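User: I would like to go through this model and ask some questions about its chains. Please keep the answers plain.

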Amino acid sequence: MNPFFKHSIVILCAAASLLAGASALAADGQLKLPNFDLLADKASESVSITLDPALLGLATRFLDPAKPEDAAAKEAIQGIKGIYVRSFKFEEDFAYPKADVEMVRKQLSAPGWQQLMQVRSSKEQQRVDIYILVEQERANGLAIIASQPREFTIVNIVGSVDMRKLHELEGQFGIPKLDLEEKKQ
Amino acid sequence: MNKDFEQQLRDALRPVDPEEGFEQRVMARVASEPMRSRAKLTRWAAGLALAASMAGVAILGAHQWQERREQEGLEARRQLLEALRVTGEKLDVAYQAVNRPSPPPDDESGA
């Protein structure tokens, strides 16, 4: 075979697999989160939670249905395949690389993701964006990006997100009842 | 014929001296018998001890695995509750911002 064609095929295959990988990433609702390991050293408080399907399954087995908090959590995570949280607080303003947060925000412009809520507070320089991944009229993913000068949080929930169940978490984790129909943008 | 048979019988039953060293061989065999039993017993005991220690190691391993699994499970549970708490906290921020009453029009006009 002509070497030029051979190389072209290899490059095309590689590009196709990259595209397939990227679309799969968007399709299952999992965002590619930057590595914040170095940032954790600079932060005064940091939360880094990675609950893949296996760990989520393990966690579910250890939830005690007799405890209201656990029972609510068990109910809320039904249909959820993964939960990824990165949250950092700093002693000084903008100690975190904004580009990393923007990189995550950019992924939410992929097809399927819809912005559910956008909050901007100029006084507190606070910004909260809530996105859902809609597939076949179902929310198959949730992303929250909240940033302030001294903190930022990224939450990515993968799987069938039932907003009504999040409703039912009210009082358990400080989650309020959201009138999503009215507030939806 | 009867005479022949009698002779044959006599020949067959005539006393014969044992071969040389027969006595020593018999004595040596008699002496080795308890040793053999002891060796057999020792082998059994060693086998049992090995099996018991292997069972002990397996039980200990299983116990440690279960303990580690339980720790991992409790840690995963803690992380799950923490993740839901953080999620709730951020949803709460959005909720409060959305539900914050907008300032009356008079304020905006500066009157």
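User: What is the mean pLDDT of chain A?

Analyst: This is a predicted model. In chain A, 73% of the residues reach a pLDDT of 70 or more. The mean pLDDT of chain A is 80.

User: Over which residues of chain A is the pLDDT below 50?

Analyst: Where pLDDT is low, the predicted coordinates should not be read in detail. One such stretch has five contacts in the model beyond near neighbours in sequence, and another has nine.

User: How many residues of chain A are in contact with chain B?

Analyst: On the chain B side, 24 residues take part. By class, the side of chain A that touches chain B has 24 nonpolar, four polar and three charged residues. The number of chain A residues in contact with chain B is 31.

User: Is H3(A) roughly parallel or roughly perpendicular to H2(B)?

Analyst: Two packed helices are described by the angle between their axes and the distance between the axes. The axes of H3(A) and helix H2 of chain B (residues 22-99) come within 7 Å and cross at roughly 95°. Angles of 65 to 115 degrees count as roughly perpendicular, so H3(A) is to H2(B) roughly perpendicular.

User: Which residues of H3(A) make the contact with H2(B)?

Analyst: From H2(B), the contact takes in Glu72(B), Gly73(B), Ala76(B), Arg77(B), Gln79(B) and Leu80(B). By class, the contact of the two helices has five nonpolar, two polar and three charged residues. From H3(A), the residues are Leu55(A), Leu58(A), Ala59(A) and Arg61(A).

User: How many bridges join E1(A) to E2(A)?

Analyst: E1(A) and E2(A) run antiparallel. Within this pairing, Ser48(A) has Arg86(A) of E2(A) as its bridge partner. The number of bridges joining E1(A) to E2(A) is seven.

User: In E6(A), what is the bridge partner of Lys89(A)?

Analyst: E2(A) and E6(A) pair in the antiparallel sense over nine bridges. E2(A) is also mostly covered, with seven of its 10 residues buried. In E6(A), the partner of Lys89(A) is Glu151(A).

Notes: Residues numbered from 1 in each chain as written. Chains lettered and ligands numbered in written order. Predicted model: local features only at pLDDT ≥ 70, side-chain atom pairs only at ≥ 80, totals over all residues. Contact = placed C-beta atoms within 7 Å. Nonpolar A, V, L, I, M, F, W, Y, C, P; charged D, E, K, R; others polar. Axes fitted to C-alpha atoms, helices over the stretch in contact; angles between N-to-C directions. Helix = DSSP H or I, 4+ residues; strand = E, 2+ residues; numbered from the N terminus. Parallel < 35°, antiparallel > 145°, perpendicular 65-115°, else oblique. pLDDT = per-residue confidence, 0-100. Buried ≥ 20, exposed ≤ 12 C-beta atoms within 10 Å, placed from the backbone. Pairing = 2+ DSSP bridges.
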